[in-house]
Amino acid sequence: MRPSANYDLNPAALNPARKRLLEAHSELRSWHRLARDMKLNVRYVYNFAVLGRLPRNTAIRRKLLGRRSINEHLAEDRIQDMPAPLLRWAIQNREEM
């Protein structure tokens, strides 16, 4: 899979997300339940957690990796909780009312 501008797709960066999914699977004891909770197709969850394959769709990737979009950060986070690069971008691109 080719890397995208938004994600660092080296295997070491994916391990925490894969570990989180495997732990959730061991608690729920079903890939189908886990996928239903994440509102994803079971094949995406299983392929990523067990085989390390990420889908091309960035929305599905974001859900699997547990990352949020810029709009989600801006809508939900307080300024103190935003990552520094996102805060810098938000300040530079703000619109005055």
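R61 is buried in this predicted model, with a relative accessible area of 5%, and the residue belongs to helix 4, which spans residues 58–65. The side chain of R61 places a polar atom 3.1 Å from the backbone oxygen of P55, and this separation counts as a polar contact because such pairs of N or O atoms must lie within 3.5 Å.

Turning to the aromatic residues, a search of the whole structure returns one aromatic pair. That pair consists of W31 and Y46, whose rings are arranged edge-to-face, with 5.4 Å from centre to centre and 90° between the planes. The two residues are 15 residues apart and the pair links distant parts of the chain, since W31 lies in helix 2 and Y46 in helix 3 (residues 42–51). W31 is buried, because its relative accessible area of 16% falls under the 20% limit, whereas Y46, at 35%, is partly exposed.

The accessibility values of the residues discussed are collected below.

| Residue | Relative accessible area | Class |
|---|---|---|
| R61 | 5% | buried |
| W31 | 16% | buried |
| Y46 | 35% | partly exposed |

Key: Residues numbered from 1 in each chain as written. Predicted model: local features only at pLDDT ≥ 70, side-chain atom pairs only at ≥ 80, totals over all residues. Heavy atoms only, no water. Helix = DSSP H or I, 4+ residues; strand = E, 2+ residues; numbered from the N terminus. Buried < 20%, exposed > 50% of the residue type's maximum accessible area, 1.4 Å probe, protein only. Polar contact = N/O pair within 3.5 Å; in protein donor to acceptor, adjacent residues only side chain to side chain. Phe/Tyr/Trp six-rings, centres within 6.5 Å; stacked < 30°, edge-to-face > 60°.
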